[in-house]
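Please read the points below with the sequence and the model side by side.

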Amino acid sequence: MVRSTAQVHSSEVVAASTSILEQCSRFLRGVDRSRYCRPCSMLSGSTIGQHVRHSLDHFSAVLDPIEPGVIDYDHRERDTPVEHDPLAARSSIEQLIRQLRVVRAPSAAVRVRVMLSADGRESLLTSTIERELAFATHHAIHHHAMIAAIARTLQLDVPAGFGVAPSTERARFR
C-alpha cells in the first residue's frame with residue numbers, strides 16, 4: 001500500500017465533492033431531456049438520468065440525512081424529477097453545492113446504515129461526515145464513467161477526465 005505523506009484536510013474533501021458536482025453540472029448543459037432519459041442496452045437499460053440521480057442521492061444522504069446522525073444510502077426515492085429532467089438535476093446539484101459550502105464539523109462522527117443483503121439485513125457502522133463525502137465523491141466518479149459510456153453511444157461530447165478516478169489520472173501522467 002502506498003501512503004501519502006500529505007494529510008488531506010476536511011476542506012479538501014469538501015472541495016473535491018464540490019468539484020465533482022460542478023463537473024456533472026457542466027456536462028449536463030449539453031444533454032437534452034430526450035437523451036438524458038434514453039435507455040442504454042449496453043448498461044442494462046439504464047439512463048444518464050438514473051445514474052445522475054443515484055450519485056446525487058449519495059450526496060443527499062450525507063448532507064441531508066433522513067434520520068439525524070445516521071447516513072443511509074440504501075433507502076432512497078427512485079423515479080424522481082432529477083432522474084427525468086437535466087434541469088432538475090442541475091438545480092439539485094446547485095442545492096448540494098450550497099449545502100457543502102456550510103458543512104460544519106466535517107470530522108464529526110456519524111453512523112452509516114448499510115444493507116448487507118437483499119433480504120434487508122442491515123448493519124450500523126461508525127464513520128465521519130468527511131469520510132462519507134469522500135465516498136460519495138468516488139461513487140459519483142464511478143457513475144460518471146457509466147454516464148460517459150452511455151453518452152458516447154448517444155454521440156454526446158464527453159469532457160476529458162469525466163468519470164476518471166484521481167488515481168487513474170495520476171497513473172497516466174507518471
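How many of the 16 residues of α3 are buried?

1. The model is a predicted one, in which local features need pLDDT of at least 70 and side-chain atom pairs count only at pLDDT 80 or more, while totals for chains, interfaces and linings use all residues. Residues are numbered from 1 along each chain as its sequence is written, and side-chain values use heavy atoms, with hydrogens and water left out.

2. To take the opening question, 14 of the 16 residues of α3 are buried, and the helix is thus mostly covered. Buried here means under 20% relative accessible area, exposed means over 50%, and partly exposed lies in between, with a 1.4 Å probe and protein chains only. Helices (H or I, at least four residues) and strands (E, at least two) are DSSP runs, numbered from the N terminus. From its first C-alpha to its last, α3 reaches 23 Å, close to the 22 Å expected at 1.5 Å a residue; the expected span is 1.5 Å times one less than the number of residues.

3. The largest nonpolar core has 41 residues, and L21, L28, I48, V52 and L133 touch the most other members. Such a core is a set of buried Ala, Val, Leu, Ile, Met, Phe, Trp, Tyr and Cys residues joined through side-chain atoms within 4.5 Å. At least two residues of this core come from each of α1 (10-28), α3 (48-63), α5 (86-101), β2 (109-115) and α6 (129-153), and α6 gives the most, with nine residues. For a look at one of these members, V52 is in contact (heavy atoms within 4.5 Å) with C24, L28, Y36, V82, A89 and I147, once its neighbours within four places in sequence are left aside.

4. Two aromatic pairs are counted under the rule that rings of Phe, Tyr and Trp (its six-membered ring) pair if their centres lie within 6.5 Å, with planes under 30 degrees apart taken as stacked, over 60 as edge-to-face and the rest as tilted. The rings of F27 and F162 have centres 4.8 Å apart and planes at 25 degrees, so this pair is stacked. Because F27 belongs to helix α1 and F162 to the loop between α6 and α7 (166-172), the pair ties together parts that are 135 residues apart in sequence. F27 is buried at a relative accessible area of 5%, and F162 is likewise buried, at 4%.

5. Which strand order does the open sheet have? The sheet has three strands in the order β1-β2-β3, with mixed pairing; two strands pair if DSSP finds at least two bridges between them. The edge strands are β1 and β3 (122-128), each of which pairs on one side only, and neighbouring strands are turned by 30 degrees against each other on average, direction ignored. Strands of a sheet pair through backbone hydrogen bonds, either parallel or antiparallel.

6. In the parallel sense, β1 and β2 pair over three bridges; V70 stands opposite R111 in β2, and D72 has R113 of β2 as its bridge partner. In the antiparallel sense, β2 and β3 pair over seven bridges, and V112 has L125 of β3 as its bridge partner. β2 and β3 form a hairpin with six residues between them, where G120 in the turn has a positive phi of about 95 degrees.

7. Helix α6 lies across β1, β2 and β3, running at about 110 degrees to β3. Axes are lines fitted to C-alpha atoms, for helices over the stretch in contact, and angles run from 0 to 180 degrees between N-to-C directions.

8. Some loop positions deserve a separate look. G69 is found in the loop between α3 and β1 (70-72) and counts as partly exposed at 35% relative accessibility; leaving aside its neighbours within four places in sequence, G69 is in contact with V110 and R111. S44, in the loop between α2 (33-36) and α3, has a positive phi of about 55 degrees although it is not a glycine, and S44 is exposed at 76% relative accessibility. Q155, in the loop between α6 and α7, is another residue other than glycine with a positive phi, near 55 degrees, and Q155 is exposed at a relative accessible area of 66%.
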